[in-house]
Structure formats: structure tokens, C-alpha cells
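Colleague: I would like to go through this model one question at a time. Please show it first.

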Amino acid sequence: MKQILALLLAIISFSSKAQNYSIKITPIDSNILLYTSYGDVGTYKNIDANAVIVVSGEDAILFDTPWDDYQTEELITYIEDRLHKHIKLCIITHAHVDRIGGIETIHKHNIPTYCYQLTAIEAPKHKHPIPKYSFYNNDTSFVCGSIKVVAYYPGAGHTIDNIILYIPSKKFLYGGCFIKSGLSKSIGNTADADIKAWSNSVLNAKRHFKLHGDEMIIPGHGSWESKTAIENTLSLIKAYNLNH
């Protein structure tokens, strides 16, 4: 009876916030799930943001948070109650709201949060809490069960602090907002971008991970079903520089 009551209260709680966006989860393989959350920025509504859940053994690792606390609660509930995994940690890839907006809820659930040293500096500037732990090496590894995740700082691009995450055993790259969709027509938000450095930073990432075009790449926004994300990102940066 207590379990039924708790479930009913949860349903009522979610229903009372029906105006909020809900996350969408898409399994990619047995260890990787794509989750998409949604948010509003100014007059732009229902903007999608792609992020990732890595699962292996009894554990899960989050790449970034959803836009807000409501969607973050949904995500945590899904991982714990549906996947039956323990969330080991969350890695924040930069300090914009579509990557760090749910960090207060992550901390409320006592989930450790990690970021590159520059994100710890940038987060308060965007009025977000600082992740609990910072790493200072440009190349830092995390482990989820049998899965190794490499966090790499390629240099400034979309933001000064952006990192990318790579799973070598899967040839899987999570580009965050540093990498655009292969189908994107715009470079997107450049408010905190270092446009002049961005191309070289993308090339740094390509060399560092020896990317040859056969990898699965998840961009921060838009479709991931394309093998041309890196090439399109470089093209969009070039076009932006020619027009500004």
C-alpha cells in the first residue's frame, strides 16, 4: 500500500507540472542511451539538448544534466527505477544552462559532479552552482563498470571551457555543444564562443582521438544520425568567419 501511495503521489507531482517539458530517451546500444531535454531561451522555445547516460554493471554515468530540475528528477527516476542503476557521477561539459541547469537536483541526490577547471570558474558567471570536483588535466578518464570514458579539453570553441567525452571501446564521441549536428545549418549560440580558436580546437580533438569518420558522434543539439558532424562544424565555423 505504501508503494502504491508513493507512486500515486509521484504521478500527481508530475501531473501538477504538466506545463514543463519532459525528457525523451533513446537507447543507442546496450551501454549507451541518448536523453534529450528541452528548454526555452528568450523567444526561442522547446529547444532540444542531447546528452547521454552510460550504463555498465550496476552503475550509470551522466554526461551533463537536463535544462532544469524537473527534467533532472525525471531522468534520475528513470535511471534508478527503470534501469535499476546507481548513478555514480555526472560530468558537466560546460557552464551553459542546457548542460548544467539541473545540477542543484543532482547535488540534492548526492551524486558527485565533475568538470574541467575552467567550468568551475565559468559556472558562477552564469549563476549556476559549481560542480563538486574539478579536474586539471586536459585528458582525464572515468570508469563506469567495464566502460572507460575519456574527458578531453580540446581548447576554446563554443565556450572557453567546453570539453568532449569519448568512449574508446565504442568509437563513441559526445561532442556537446562544441560539435554541431551534421544536418545543422547554423553555428548556433556564439555569445560565449571563441570563433577564431574553434576550428583549431576541433582539429585538436580529431587528432587526439584519431577520428576517421566512422565514429558515432552525438552533437549538443539536433540530429545525431549523420557521419559528417565534425566536417559540418568546421564548415559552419568557416562560413561564420567569412560573414563576420
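Modeller: Ile-32 stands opposite Val-54 in β3. This is a predicted model.

Colleague: In which sense do strand β2 and strand β3 pair?

Modeller: Strands of a sheet pair through backbone hydrogen bonds, and the pairing can be parallel or antiparallel. Strand β2 covers residues 32–41 and strand β3 covers residues 44–56. They are joined over nine bridges, and the sense is antiparallel.

Colleague: Which strands stand at the edges of the seven-stranded sheet?

Modeller: The sheet is open, with mixed pairing and the order β1-β2-β3-β4-β5-β6-β7. A strand at the edge here has a single partner strand, so one of its sides is left without a neighbour in the sheet. From one strand to the next the twist averages 25°. The edge strands are β1 (24–27) and β7 (133–135).

Colleague: What angle does the direction of helix α2 make with that of β2?

Modeller: Helix α2 (residues 69–82) packs on the sheet. The strands touched by α2 are β1, β2, β3, β4 (59–63) and β5 (86–92). Its direction and that of β2 make an angle of about 165°.

Colleague: And what angle does helix α5 make with β6?

Modeller: Helix α5 (residues 117–125) also packs on the sheet, where it touches β5, β6 (113–116) and β7. The angle between the direction of α5 and that of β6 is about 100°.

Colleague: Which strands are at the edges of the five-stranded sheet?

Modeller: This sheet is open too, with mixed pairing and the order β8-β9-β10-β11-β12. Each edge strand has a single partner strand, so one side of each has no neighbour in the sheet. The twist averages 20° from one strand to the next. The edges are β8 (139–144) and β12 (216–219).

Colleague: Which residue takes a positive phi in the hairpin of β8 and β9?

Modeller: β8 and β9 run antiparallel and are joined by six bridges, with Phe-142 opposite Val-149 in β9. The hairpin has two residues between the strands. The residue with a positive phi, near 60°, is Gly-145.

Colleague: Which residue of β10 is the bridge partner of Ala-151?

Modeller: β9 is mostly covered, with five of its six residues buried. Three bridges join β9 to β10, and the two strands run antiparallel. In β10, the partner of Ala-151 is Leu-165.

Colleague: How wide an arc do the buried residues of α6 cover around the axis?

Modeller: The buried residues of α6 are Ile-195, Trp-198, Ser-201, Val-202 and Ala-205. They are on the same side of α6 because the arc they cover around the axis is only 105°. On the other side, Lys-196 and Arg-207 are exposed.

Notes: Residues numbered from 1 in each chain as written. Predicted model: local features only at pLDDT ≥ 70, side-chain atom pairs only at ≥ 80, totals over all residues. Heavy atoms only, no water. Buried < 20%, exposed > 50% of the residue type's maximum accessible area, 1.4 Å probe, protein only. Helix = DSSP H or I, 4+ residues; strand = E, 2+ residues; numbered from the N terminus. Arc of directions from axis to C-beta. Pairing = 2+ DSSP bridges. Axes fitted to C-alpha atoms, helices over the stretch in contact; angles between N-to-C directions. Contact = heavy atoms within 4.5 Å.
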